[in-house]
Amino acid sequence: MAEKPAATKSWWCLFKALSEMGHEIIVLPFLGKAIESPWWHSLDNPSRVMSSLLYSQWRGRSKSSRTKRLYTKYHRAFTYLPGLVISRKWKAALDKAMAREDRVDAAIFLSVPLNLLAKVPRYLQERWGVPSIYYEADMPSILPSYGGIHFTYYLGADLSQFSGFLSDSDGVEAAVRAMGARNVGSLHWAADPVIFSPRPLTKDTDVFFTGGTSAFRRDWIYKMLAEPAGELLTKTFTMSGRMRESYENVKSLGFLSFDTWKRQVCRSRICLNISRTPHASIGGTSSTRIFELASMGACIVSSPHKGLEKWFEPSKEIIILRDNERPSEVYSKLLGSPSTMEELGSRARNRVLAEHTYYHRAKELLGYLNRVVS
């Protein structure tokens, strides 16, 4: 949690759902310290110091295109020694964990750096008879063809050692099969409707956008946030996140704590979903934000996103802009009809409750595991 990987809270919701369905969860963190909860048992991180150094110290340098090119060319030299040390520590930790447990049915690796864990999944299968599944949460931008927002850990990775491969994107299945992955499938994001629930707060913001960074979506941020803010001068536009850009007439709130962010969503009349170009252009790629906003009953206006209608019905549960539409006109129409915004938010939350909670995803995951590892 201290390192702030964006997917952590979503994985926790998945673990919680699995636990409450009667399954025993053992968590071995790759990044950060072990944290106990009522829903899982956590083991100590065997590579905590080195993992943190590699994640936190190199994360900033990964924004340099020159550094990325060097990494792409010499990734084997860069990852050999750290991978050797980390793999040995993980094998030793897994030996202790497996010796204590009566039975482990499967191991799921959640977006951990593949080229640093080398042959750990194969070792787990050969030494302890435990099959491994890999779940990638950052498709497709993490693939070498996109270069990743940060360093891609698929260079030099062996996907064939996993019994199965899941991701948040339907559209990358052929690509990862070509890289050696087996039993490829999708497990999309969702929301916990208790954690992400509407709050009866006064609406004091007209349009709100939040995002980690502006990478791969600068044009749409300008079109959906900066331009309308200059056209609708009587309306309040705000944004939050780690974006370096600033826009006239748009108030930047910086990086918000989780609870403050939820309150801001509930204080906003319109919440924007602006997808990164790789996510929007590769069909059936989901993101956490759309489900979380919907679960909180937000009135959502989204940039074009291929396959978004798979999860939410356009014009009924969510507004999806067309390329030729002016966002300011769409916002003005919505802001002039509070009942329309409320109905959109209510229907979006109902869709989450019906199809997109982590109990739904946990059932999908269990069905997949039964097919792949039985």
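## Two crossing helices

Helix α9 (residues 288–295) and helix α11 (residues 338–355) have axes that come within 7 Å and cross at roughly 115 degrees. That makes α9 roughly perpendicular to α11 (65 to 115 degrees counts as roughly perpendicular). The model is predicted, local features need pLDDT of at least 70, and side-chain atom pairs count only at pLDDT 80 or more. Residues are numbered from 1 along each chain, and side-chain values use heavy atoms.

In the contact (heavy atoms within 4.5 Å), α9 supplies F291, A294 and S295, while α11 supplies G345, A348, R349 and V352. Four of these residues are nonpolar, two polar and one charged; Gly counts as polar and Arg as charged.

## Aromatic pairs

Rings pair if their centres lie within 6.5 Å. The count comes to 14 aromatic pairs. The rings of F30 and W90 have centres 5.8 Å apart and planes at 50 degrees, so this pair is tilted (planes under 30 degrees apart are stacked, over 60 edge-to-face, the rest tilted). F30 sits in the loop between β1 and β2, and W90 in helix α3, so the pair ties together parts 60 residues apart in sequence. F30 is buried at 12% relative accessible area, and W90 is buried at 4% (buried is under 20%, exposed over 50%, partly exposed in between).

F196 and F258 have ring centres 5.6 Å apart and planes at 75 degrees, so they pair edge-to-face. F196 is buried, at 3%. F258 is partly exposed, at 35%.

## Charges over rings

The charged end of R242 sits over the ring of F255, 4.0 Å from its centre. The cut-offs are CZ of Arg within 6 Å of the ring centre and within 35 degrees of the ring normal. R361 lies over the face of F291, at 5.7 Å from the ring centre. F291 is also one of the α9 residues in the contact with α11.

Methods
Axes fitted to C-alpha atoms, helices over the stretch in contact; angles between N-to-C directions. Helix = DSSP H or I, 4+ residues; strand = E, 2+ residues; numbered from the N terminus. Parallel < 35°, antiparallel > 145°, perpendicular 65-115°, else oblique. Phe/Tyr/Trp six-rings, centres within 6.5 Å; stacked < 30°, edge-to-face > 60°. Buried < 20%, exposed > 50% of the residue type's maximum accessible area, 1.4 Å probe, protein only.
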